[in-house]
There are 2 protein chains.
Amino acid sequence: MRQNLGPRDRILETAARLFYKQGYNSTGINQILEEAKVAKASLYQHFKSKEDVGVEYLKLARIEWFAGLEQWTSKKSTPAQKLIACFDFLEYALTHNEFRGCKFINILAELADAETRIQRQVVEHKEKLRDHIKGFVRQTLSHQGAEKIESIGDAVYLLFEGAIVESKIFRDTWPTKAARKIVRTLLE
Amino acid sequence: MRQNLGPRDRILETAARLFYKQGYNSTGINQILEEAKVAKASLYQHFKSKEDVGVEYLKLARIEWFAGLEQWTSKKSTPAQKLIACFDFLEYALTHNEFRGCKFINILAELADAETRIQRQVVEHKEKLRDHIKGFVRQTLSHQGAEKIESIGDAVYLLFEGAIVESKIFRDTWPTKAARKIVRTLLE
DNA sequence: AAAAAAATAGACAAACCTGTCTACTATTAA
DNA sequence: TTAATAGTAGACAGGTTTGTCTATTTTTTT
């Protein structure tokens with residue numbers, strides 16, 4: 001439980017909650033320390049700066065995200081079913097998070113052009129997700145031409161991402177449902 | 001020119017530049033005042049708070065956005081061409097803005113759950129954009145069934161929004177090009 | 001020309017921010 | 001048991017934030 005966690009983990013757990021709920025810039029180090037019940041000196045022993053906490057927060061978020069995705073897709077047998085399961089997982093996750101959207105996209109919007117380390121985490125995460133989705137598309141449409149596969153792969157990824165963002169805006173599941181529906185027809 | 005603008009307009013012009021470039025939370029009132037060469041008391045005579053500046057900033061952004069969209073689509077004669085022109089406009093606008101993405105989505109990501117006035121601007125803007133796009137789809141596919149029209153309308157909108165977000169992440173035009181390509185096939 | 005309105009500069013309050021530092025107390029290892 | 005490590009509490013520096021207020025100057029209107 002939380003009680004047994006060391007300071008580093010308590011910081012990351014609290015930071016994850018607050019960064020996602022309030023935003024990265026709106027969450028101060030002091031609030032994290034208070035809620036995590038950690039001394040300030042301990043934070044700066046484990047992390048060299050707030051940005052460092054942000055980077056580690058995203059690294060953990062990536063691991064958790066793909067673990068969740070894996071949990072939903074591994075139950076399915078065919079690539080087409082796995083692809084649809086991605087959207088099932090998305091609907092579940094977004095609803096569970098009260099439609100706060102994507103941790104990576106959210107933090108990216110807060111940054112001025114320069115902050116390179118956090119931005120790199122975002123790009124890497126989305127590259128990996130895109131590859132993941134396009135992999136399912138490739139397997140599903142293996143009998144089709146390469147160009148069509150690429151095109152539909154990008155389309156499914158864009159629909160997935162669009163669904164994340166729009167469900168945050170409208171605080172509703174319709175974008176995910178609409179995306180899943182059109183993906184079904186794209187796979188036929 | 002900028003010289004002749006009153007304090008209110010100079011504030012909004014500067015705020016628009018800084019909010020979009022640095023983010024809303026990272027941009028202080030004082031920086032806006034300095035760069036706009038406006039006294040602090042003048043700002044609080046025209047706006048009751050920083051949030052108020054944010055709301056007016058978004059109202060202007062909406063007007064400018066739809067004016068730009070109109071400029072690109074009105075040149076085309078058929079609804080299908082107008083729809084494709086939306087993506088041409090998007091590619092132009094995003095490239096011109098150095099891939100900073102959508103002013104509305106960006107500011108939404110910075111806000112904690114509560115800030116209702118700014119959030120309302122975002123939702124209204126996206127609702128209007130969605131109606132706009134779905135209108136073109138409806139005209140293009142008028143001979144199709146209502147359900148299919150709705151479904152493809154949502155898909156085109158989600159692809160449009162996905163393209164905005166992903167072009168910010170990857171700082172590239174490929175998402176917009178990919179979205180436009182699949183939209184073309186969806187309209188066939 | 002006189003009166004009213006608008007804009008300026010900048011001090012100020014009260015609160016926040018990140019990061020450093022000291023001093024003290026547990027916990028762990030040898 | 002002693003020594004090293006890890007954690008705590010909190011003061012502090014130097015800066016930031018939004019918003020209010022006073023006093024002065026410029027512009028507009030009558």
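Is A:Val123 buried, partly exposed or exposed? I started my notebook with this residue, and A:Val123 turns out to be partly exposed, because 14 other C-beta atoms lie within 10 Å. The cut-offs I used: buried means 20 or more other C-beta atoms within 10 Å of a residue's own, exposed means 12 or fewer, and partly exposed is in between, with C-beta atoms placed from the backbone.

**Entry 1: ground rules.** I am working with a predicted model, in which local features need pLDDT of at least 70 and side-chain atom pairs count only at pLDDT 80 or more, while totals for chains, interfaces and linings use all residues. Residues are numbered from 1 along each chain as its sequence is written, and chains are lettered from A and ligands numbered from 1 in the order in which they are written.

**Entry 2: around A:Val123.** I found A:Val123 in helix H7 of chain A, which covers residues 116-140. Helices here are DSSP runs of H or I with at least four residues, strands are runs of E with at least two, and both are numbered from the N terminus. I then checked A:Phe104: it sits 19 residues from A:Val123 in sequence, and the two are 8.7 Å apart in space, C-alpha to C-alpha. Setting aside neighbours within four places in sequence, I see A:Val123 in contact with B:Ile169 and B:Phe170. Contact means that the C-beta atoms of two residues, placed from the backbone, lie within 7 Å.

**Entry 3: chain A as a whole.** I counted nine helices and zero strands in chain A. Its C-alpha atoms fill a box of roughly 60 × 35 × 30 Å along the principal axes. Of the 188 residues in chain A, 38% count as buried. Among contacts in chain A with a separation of 6 or more, 60% join residues 24 or more positions apart.

**Entry 4: helix H6 of chain A.** Which residues of H6(A) are buried? I noted A:Lys103, A:Phe104, A:Ile105, A:Asn106, A:Ile107, A:Leu108, A:Ala109 and A:Glu110. That is eight of the eight residues of H6(A), so the helix is largely enclosed by the rest of the structure. Their packing partners in chain A are H1, helix H4 (50-73), H7 and H8, and in chain B they are helix H6 (103-110) and helix H8 (146-170).

**Entry 5: where A meets B.** I find 33 residues of chain A in contact with 33 residues of chain B. On the chain A side, two or more residues each come from helix H1 (7-22), helix H6 (103-110), H7, helix H8 (146-170) and helix H9 (174-186). The largest share, 13 residues, is from H8(A). By class, I get 18 nonpolar, seven polar and eight charged residues on that side. Ala, Val, Leu, Ile, Met, Phe, Trp, Tyr, Cys and Pro count as nonpolar, Asp, Glu, Lys and Arg as charged, and the others, Gly among them, as polar.

**Entry 6: symmetry.** I laid chain A on chain B with an RMSD of 0.0 Å, using a turn of 180° and a shift of 0.0 Å along the axis. That is the relation of a two-fold axis. In chain A, the C-alpha nearest the axis belongs to A:Gly162, 2.0 Å from it. The superposition is by least squares on the C-alpha atoms of residues with pLDDT of at least 70 in both copies. The copies meet through the same surface, because 100% of the interface residues of chain A are also interface residues in chain B.

**Entry 7: the DNA.** Which residues come nearest to DNA strand C? Of the 18 around it, I listed A:Gly28, A:Ile29, A:Ser49, B:Ala39 and B:Ser42. A residue is near a strand if its C-beta atom, placed from the backbone, lies within 6 Å of it. For DNA strand D, 18 residues surround it, and the closest are A:Ala39, B:Gly28, B:Ile29, B:Ala41 and B:Ser49. Here H3(A) gives the largest share of the surface, four residues.
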